[in-house]
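Here are my notebook entries from a first walk through this structure.

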Amino acid sequence: MIVVYQFGPAWGMPCISPYVSKLVFYLQLAGIAYRLEKLDLTRLDDEAPRGKLPYAVMDDGTVMPDSTEIINFLERTGRGRLDQGLSDAKRADMLAWTRLSDEHLYWSGVVEPRWRTRAHFESYMPYLAGGEILTVETRDAIEVFRTRILSEFDGQGMGRRAPEAVLAAFCSDIDAIKARLQVAPFLMGRQVRSGDAGLYAMLSHIVDAPFDWPGRHYARQITVLQDYMARMRELLAPFKRDAA
Ligand SMILES: N[C@@H](CCC(=O)N[C@@H](CS)C(=O)NCC(=O)O)C(=O)O
């Protein structure tokens, strides 16, 4: 059984991390057995191979980082078959959408509202503490982690934009996703594929997580997105046990 390391569940999702949620959704859709293990922030650098979650311990004991790398490995080795039959061109398209979601939308749609906005960050802290009481020491450790994430935000470049420019970048990504989903029920067509696990995870972390900001309102009023999310929720409903 694959062991997936995560922070902890929240808001009806398997984890407060969209990348962990993505991997869990993929494993559920692909019918691959897994178990979740909690890892708290203070152990991240010592235990997670790249200091990030998720990472997974595979059946043979191999430790693998990165949601996309784990999914690609499972598909390549035939453990997962969600992408079976996709042409090389379709695979290339799916990779581009995955990069848009993981490497761009994440920063504008998750980090901006959750980590940069002080009031939201205060309400996020208990989740980062894994539901434990917030002691002075825990708060301090979480504040250090915030500085680290905001420095990555800055390094990526999104964090150097003014809030209005972040919102504009966010809305263009959402508009592109809307245009894509207008022509097919799932990201790559009529069938659910591995890319849907990531896209749906990112969208629910934007729409269903309780961080109220203009981007969330923008995404919430798009019917095409709502319909897509409802389709994905229905597919994932039988596995709801791992959600908070
Ligand atoms: N490319 C990685 C991204 C993972 C990632 O950034 N995870 C965040 C949680 S949402 C994290 O652990 N961040 C810690 C850090 O960046 O220091 C993946 O797809 O797994």
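This is a predicted model: local features need pLDDT of at least 70, side-chain atom pairs count only at pLDDT 80 or more; totals for chains, interfaces and linings use all residues.

**Entry 1: Arginine 146.** I began with arginine 146, which counts as partly exposed because it has 18 C-beta neighbours inside 10 Å, while a buried residue would need 20 or more. Arginine 146 is found in helix H6. Which residues does arginine 146 touch, not counting those up to four places away in sequence? I found Trp115 and Phe121. Tryptophan 115 is 31 residues away along the chain, yet I read a C-alpha separation of 6.7 Å between it and arginine 146.

**Entry 2: The sheet.** Next I looked up the strands. In what order do the 4 strands of the sheet stand? I noted E2-E1-E3-E4, in an open sheet with mixed pairing. Strand E2 (34–38) and strand E4 (63–65) are at the edges; each has a single partner strand, so one side of each has no neighbour in the sheet. From one strand to the next, I read an average twist of 25°. I then followed strand E1 (residues 2–6), which runs parallel to E2 and is joined to it by 5 bridges.

**Entry 3: Helix H1.** Helix H1 (residues 18–30) lies across E1 and E2, and I noted an angle of about 155° between H1 and E1. H1 has 13 residues and spans 18 Å from its first C-alpha to its last, close to the 18 Å expected. Is H1 largely enclosed or largely open? I counted 11 of its 13 residues as buried, so H1 is largely enclosed by the rest of the structure. Among the buried ones are Pro18, Tyr19, Lys22, Phe25 and Leu29. I also asked what covers the buried residues of H1. The cover includes E1, E2, H3, helix H4 (88–116), helix H8 (194–207) and helix H10 (223–236). After H1 comes glycine 31, with a positive phi near 70°.

**Entry 4: Around the ligand.** Which residues come nearest to the ligand? From the 13 residues around it, I wrote down Ser17, Tyr19, Lys52, Asp66 and Ser67 as the nearest. I sorted the residues of the shell into 4 nonpolar, 4 polar and 5 charged. H1, helix H3 (67–76) and helix H6 (136–156) each give at least two residues to this shell.

Entry 5: I closed with the loops. Aspartate 66 is partly exposed, with 19 other C-beta atoms within 10 Å. Tryptophan 11, in the loop between E1 and H1, has a positive phi of about 50° and is not a glycine either. I put tryptophan 11 down as partly exposed, with 15 other C-beta atoms within 10 Å.

Where is the cis peptide bond that I noted? It joins leucine 53 and proline 54, with omega about 10°. Proline 54 belongs to the loop between helix H2 (44–47) and strand E3 (55–57).

How values were computed:
Residues are numbered from 1 along each chain as its sequence is written. Two strands pair if DSSP finds at least two bridges between them. Axes are lines fitted to C-alpha atoms, for helices over the stretch in contact, and angles run from 0 to 180 degrees between N-to-C directions. Two residues are in contact if their C-beta atoms, placed from the backbone, lie within 7 Å. A residue is near a molecule or strand if its C-beta atom, placed from the backbone, lies within 6 Å of it. Ala, Val, Leu, Ile, Met, Phe, Trp, Tyr, Cys and Pro count as nonpolar, Asp, Glu, Lys and Arg as charged, and the others, Gly among them, as polar. The expected span of a helix is 1.5 Å times one less than its number of residues. A residue is buried if 20 or more other C-beta atoms lie within 10 Å of its own, exposed if 12 or fewer, and partly exposed in between; C-beta atoms are placed from the backbone.
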